[in-house]
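Here is a short note to read beside the model. Please keep the viewer open and find each residue as it comes up.

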Amino acid sequence: MLSARSSMAQSDQATGIQNQKVLGFPNGFLWGTATSSYQVEGAVNADGRGPSIWDRFAHTPGAISDRSNGDTATDHYRRYKEDIRLMKALGAKAYRFSIAWPRVFPQGVGSPNPKGLDFYNRLVDELSANGIEPFATLYHWDLPQALQDRFGGWTSRDTSKAFADYAAHVTARLSDRVKHFFTINECSRLVHLGHGLGADAPGLKLPQSGLNQVRHHVALGHGLAVQAIRAHGRAGTRVGPAENAVSCIPAIETPANIHAAEIATRELNAGYLTVMMEGKYPEAHLARAGNNAPKFTADDLRVISSPIDFVGLNVYTPDHYVVAADNERGFSLAPFPASFPHMKASWLRPGPEAMYWVPRHVAKLWNVKSIYITENGTSASDQPAADGTIYDVDRIMYLRNYLTQLQRATSEGVPVLGYFLWSLMDNFEWSDGYEQRFGIYHVDFDTKRRTPKLSASFYRETIARNAVA
Ligand code: BGC
């Protein structure tokens with residue numbers, strides 16, 4: 001009788017089918033998970049924290065679909081040690097968290113609240129003790145409400161300046177242990193959803209001119225913070241944005257469509273990555289804005305384009321482009337047909353190729369040498385099966401496909417150094433409240449109990465192999 005092993009070898013020989021190809025990542029590739037302060041911390045009144053615009057917004061009737069708020073969220077503020085154990089169980093090497101500005105400066109400016117920063121000191125120390133590298137985001141949308149009341153928030157450049165002062169304060173105190181800082185998470189969403197559509201805090205629906213001015217102040221805040229971090233950080237402190245660039249992918253990978261997608265990337269991100277990388281707003285962008293264009297000085301542009309060390313990219317949905325047949329811009333958007341699939345969240349249309357093209361465009365257009373994928377993940381319905389396990393195979397399918405495209409990018413030399421899965425655990429998903437679960441750990445929001453989903457095993461296996469599992 002043949003042993004099982006030799007019969008397998010024989011049948012391999014018989015069929016000619018080769019062993020599975022290993023989709024490996026570069027040595028030292030950094031695997032991590034991500035969260036943000038208001039979405040996980042809870043403890044909104046603890047230790048002198050001031051209110052943020054998200055506290056105010058979430059408590060506004062009709063703002064959050066399930067009428068919830070982040071008052072307790074996942075209680076990460078008190079359970080951070082347990083959460084670091086969850087990261088460790090995955091084998092994760094890095095954690096991207098955000099610092100709540102109103103914990104550090106309850107009034108946004110003026111006297112700092114040392115107890116607020118103490119939490120992040122404890123968090124960073126616990127991460128370091130567990131061999132997990134801290135990556136801190138300075139602003140993930142929880143602006144101190146006092147700045148909204150006093151200056152009108154990002155409608156005023158006073159907020160951009162206050163952001164730099166806060167960034168300086170934090171960097172001076174954490175950069176002995178935190179070497180990577182992200183300035184602002186997703187400038188484009190905070191501008192568009194928070195100040196255009198009114199769907200995120202502070203819930204404004206500004207006219208186009210006001211919206212364009214907010215966009216400029218946010219970009220200016222990024223640049224001023226880069227300078228403050230450089231001035232106050234210890235040697236070796238690195239800084240960059242974490243942006244959800246419009247993801248332009250060629251609908252079919254022909255040279256003409258690829259070129260169209262590149263032009264689209266530069267133009268459609270004009271007020272964000274393009275101005276940060278080039279120090280100017282493209283002419284066509286300003287011409288299209290006409291009288292609604294933002295007011296700015298040449299010095300503003302120099303500040304906004306202060307040199308950065310890396311670009312962080314949040315990658316979720318794609319937009320498909322083809323070379324333009326009928327316009328001067330050189331690209332046309334191929335609209336989503338009604339039949340295009342989506343994940344549990346209807347806005348989350350999967351496009352794994354975005355994970356290949358977005359970092360590739362960014363590296364090529366602006367000669368960027370270091371990129372981190374600062375977010376990628378999906379919500380899912382996450383129903384426990386009869387045995388109690390959450391078999392979230394839709395999330396695994398999504399992650400496997402995106403990671404396969406990321407591996408395609410790194411194997412071609414696109415300089416992506418790390419990947420932060422969104423999210424470590426279910427959390428407060430902004431205006432969707434607790435109805436959209438993005439975690440690879442399930443959270444019971446009544447008891448705050450954390451339980452791994454099947455996707456946690458998938459991610460652990462991927463990290464262990466340093467290859468797509
Ligand atoms: C944000 C996260 C959010 C995630 C899923 C990103 O836009 O940075 O805070 O939870 O997408 O919607």
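The points below cover the ligand, the pockets and some backbone features.

1. Ground rules. This is a predicted model: local features need pLDDT of at least 70, side-chain atom pairs count only at pLDDT 80 or more, and totals for chains, interfaces and linings use all residues. Residues are numbered from 1 along each chain as its sequence is written, and side-chain values use heavy atoms, with hydrogens and water left out.

2. The shell. The ligand is surrounded by 14 residues, each with a heavy atom within 4 Å of it. Gln-39, His-140, Glu-186, Glu-375 and Glu-429 are the closest. By class, the shell has six nonpolar, four polar and four charged residues. Here Ala, Val, Leu, Ile, Met, Phe, Trp, Tyr, Cys and Pro count as nonpolar, Asp, Glu, Lys and Arg as charged, and the others, Gly among them, as polar.

3. Which side chains reach oxygen atoms of the ligand? Gln-39 has a side-chain N or O atom 2.7 Å from a ligand oxygen. For His-140, a polar side-chain atom lies 2.9 Å from an oxygen atom of the ligand. Asn-185 also places a polar side-chain atom 2.9 Å from a ligand oxygen. (A polar contact is a pair of N or O atoms within 3.5 Å.) On its own the ligand has 310 Å² of accessible area, and the protein covers 98% of that. (The area comes from the Shrake-Rupley method with a 1.4 Å probe.)

4. The largest pocket. Where is the ligand? The largest pocket holds it: more than half of its atoms lie within 2 Å of the grid points. A pocket is an open set of points on a 1 Å grid over the protein atoms alone, where a 1.4 Å probe fits, with protein on both sides within 12 Å along at least five of seven lines; lining residues have an atom within 4 Å of a point. The volume of the largest pocket is about 1400 Å³, counted as the space filled by probe spheres set on the points.

5. Its lining. The largest pocket has 46 lining residues. Ser-188, His-192, Leu-193, Asn-244 and Val-246 lie nearest its centre. Elements giving two or more residues to this lining include α9 (187–196) and α10 (208–232). (Helices, H or I, have at least four residues and strands, E, at least two; both are DSSP runs numbered from the N terminus.) The lining comprises 18 nonpolar, 16 polar and twelve charged residues.

6. The second largest pocket. Its volume is about 190 Å³. Among its lining residues are Gln-20, Lys-21, Arg-400 and Arg-465.

7. Backbone checks. Most residues other than glycine have a negative phi, and most peptide bonds are trans. Ala-201 and Pro-202 are joined by a cis peptide bond, with omega about 5°. Pro-202 is in the loop between α9 and α10. Another cis bond joins Trp-422 and Ser-423, with omega about 15°. Asp-382 is not a glycine, yet has a positive phi of about 55°.

Technical notes. A polar contact is a pair of N or O atoms within 3.5 Å; within protein, one must be able to donate a hydrogen and the other to accept it, and residues adjacent in sequence count only if both atoms are side-chain atoms.
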